[in-house]
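Open the model in your viewer and keep the sequence panel beside it. This tour goes stop by stop: what to select, then what is there.

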Amino acid sequence: MVAGNIPVKTQTLSIDIYDAVQANRMNEVHLMVLTITTIFILLVTTKFLKQ
């Protein structure tokens, strides 16, 4: 399984983004993608600065 969830208990980010796109909640989609992209950039930048 690549992504999945237990209904009403858990939800992966990829499924949450997919659900928001399907429901046409684009503001939420943009916020989630911006957040995960920012976290990724910070993690990569931190790793390269430590080297």
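Which residues does Leu13 touch, not counting residues up to four places away in sequence? Select Leu13 and find out: the contacts are Met32 and Ile36. Keep in mind throughout that this is a predicted model.

**Stop 1: the whole chain**

Zoom out and colour by secondary structure. The protein chain has two helices and zero strands. Helix α1 covers residues 13-22. Helix α2 covers residues 26-50.

Now look at the overall dimensions. Along the principal axes, the C-alpha atoms fill a box of roughly 40 × 25 × 15 Å. The radius of gyration is 14 Å, whereas a compact globule of 51 residues would have one near 10 Å.

How much of the chain is buried? Buried residues account for 8% of the 51 residues.

**Stop 2: Leu13**

Go back to Leu13, in helix α1. Its relative accessible area is 34%, so Leu13 counts as partly exposed. Leu13 and Met32 are 19 residues apart along the chain, yet their C-alpha atoms are separated by 8.0 Å. Met32 is one of the two residues that Leu13 touches beyond its sequence neighbours; Ile36 is the other.

**Stop 3: the nonpolar patch**

Which helix gives the most to the patch? Helix α2 does, with four residues. Leu13 belongs to helix α1.

**Stop 4: the loop between the helices**

Select Asn24, in the loop between α1 and α2. Check the backbone torsions here. Asn24 has a positive phi of about 60°, although it is not a glycine. Most residues other than glycine have a negative phi. Is Asn24 buried or exposed? With 59% relative accessibility, Asn24 counts as exposed.

**Stop 5: the salt bridge**

Select Arg25 and Glu28, and show side chains. How many salt bridges does the structure hold? There is one, and the side chains of Glu28 and Arg25 make it. The N to O distance is 3.1 Å. Arg25 is partly exposed, with a relative accessible area of 33%. Glu28 is partly exposed too, at 39% relative accessibility.

**Stop 6: Val21**

Move to Val21, in helix α1. Val21 counts as partly exposed, with 35% relative accessibility. Not counting residues up to four places away in sequence, Val21 touches Met26 and Val29.

**Stop 7: Lys9**

Finish in the segment before α1, where you will find Lys9. Draw a distance from Lys9 to Thr45. The pair is 36 residues apart along the chain, and 33 Å separates their C-alpha atoms.

**Before you close the viewer**

Leu13 to Met32 gives 8.0 Å between C-alpha atoms. Lys9 to Thr45 gives 33 Å.

Key:
Residues are numbered from 1 along each chain as its sequence is written. This is a predicted model: local features need pLDDT of at least 70, side-chain atom pairs count only at pLDDT 80 or more; totals for chains, interfaces and linings use all residues. Side-chain values use heavy atoms; hydrogens and water are left out. Buried means under 20% relative accessible area, exposed over 50%, partly exposed in between (1.4 Å probe, protein chains only). A salt bridge is a side-chain nitrogen of Lys or Arg within 4 Å of a carboxyl oxygen of Asp or Glu. The radius of gyration is taken over C-alpha atoms; the globule rule is 2.2 Å times the number of residues to the power 0.38. Contact means heavy atoms within 4.5 Å.
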